[in-house]
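Me: Can you walk me through the pockets in this one? Show me the model first.

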Amino acid sequence: MFSYCTDPSALSGLTWLSCYLTTGKHMAFYLSFGTVLLLLAITAPTALLFGYFGATAARSQIAPLRWFGKTYIAIVRGVPDIAFFLFFVIALDQAIEWTRHKVLCPEWAEPIRQGNDFVVCAAAKMPLGTAPQWVHETYGFFIAVFTFAIVFGAFAANVLFGAMRAVPRAQMETAEAYGMTRRQAFRRIMVPQMWVYALPGLGNLWMVLIKATPLLFLLGVEDIVYWAREMGGSKTAKFTDYPHGDWRMWYFLALLVFYLAFTRVSEIFIERLMIRLTRGQATTGGEAQRKAAA
């Protein structure tokens, strides 16, 4: 903070505003934008990996694996995101603590379920009650990442499953006629070509993922929505050196600008990637490029 900010009550105008916008809480607010970007950077490839394995499982000739893939896609896509996030996070957290409890506290005689309470020994808590705050925040963040990856992985699996089916069967048959095994034809023919069919759906899914990041607030992660609500609410001189009225509209307006700008940059990137992928392909986009170059 600037040196002249030691007595905020004596400041006014732009000087007061500059001091207000450089408080410790505002620095946490600015860092929370990085939290959202980090979530997207980790979740997107993880969800795509979940989707790839889900789609290949759904296409498998092994019946149990095929049933697992189709069940995963159907169940996760059929449950509202908010309900899944709230249920799965609690269930996963309790499953981890239950497992640790059974391993670390075998002498525990009391029931774990005590009415509405879930009680485990102190050593089984995840993270431990004595752990520093950053451990709790990191644990919550990665639980959120895993939950996001499972949910959006199911949608990605559905997109990739359709993209795999869109690759002309004749190309796979030709590859097999040249002596390739089914696995080689899948890896060398289908996978490289399916992306051009999958990209529109994956692009839409990326946009939905961006808009879903405010759900971090529901999962207990101090993201941009948490800080916007926290700092935008009315503050009195009794609790802060920078009292103000209800400024939530301005904070959420800043979030609106951030999300609109981010989605616009994403649209430009996806459009250019689509042009690159369709070049030379026997698709509508590829045909348009050939006619334009002629």
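Me: Which helices each supply at least two residues to the lining of the largest pocket?
Reply: α2 (24-58), α5 (133-166), α6 (169-177) and α7 (182-212). Helices here are DSSP runs of H or I, at least four residues, numbered from the N terminus. This is a predicted model: local features need pLDDT of at least 70, side-chain atom pairs count only at pLDDT 80 or more, and totals for chains, interfaces and linings use all residues. Residues are numbered from 1 along each chain, and side-chain values use heavy atoms, without hydrogens or water.

Me: Which helix gives the largest share?
Reply: α7, with six residues.

Me: How much space is in there?
Reply: About 560 Å³ in the largest pocket. Its lining has 21 residues, with R59, S60, R182, R183 and F186 closest to the centre. A pocket is an open set of points on a 1 Å grid where a 1.4 Å probe fits, with protein on both sides within 12 Å along at least five of seven lines; lining residues have an atom within 4 Å of a point.

Me: What classes line the largest pocket?
Reply: Eleven nonpolar, three polar and seven charged residues.

Me: And how does the second largest pocket's lining divide?
Reply: 18 nonpolar, two polar and no charged. That pocket holds about 430 Å³. A44, L48, L202, G203 and W206 lie nearest its centre.

Me: Which helices line that one, with at least two residues each?
Reply: α2, α5, α7 and α9 (248-278).

Me: Switching to α7: where is its kink?
Reply: At A198, about 50°, shortly before the proline P200. The bend is the angle between axes fitted to the seven residues ending there and the seven starting there.

Methods
Grid points are joined across faces, edges and corners, and a volume is the space filled by probe spheres set on the points. Ala, Val, Leu, Ile, Met, Phe, Trp, Tyr, Cys and Pro count as nonpolar, Asp, Glu, Lys and Arg as charged, and the others, Gly among them, as polar.
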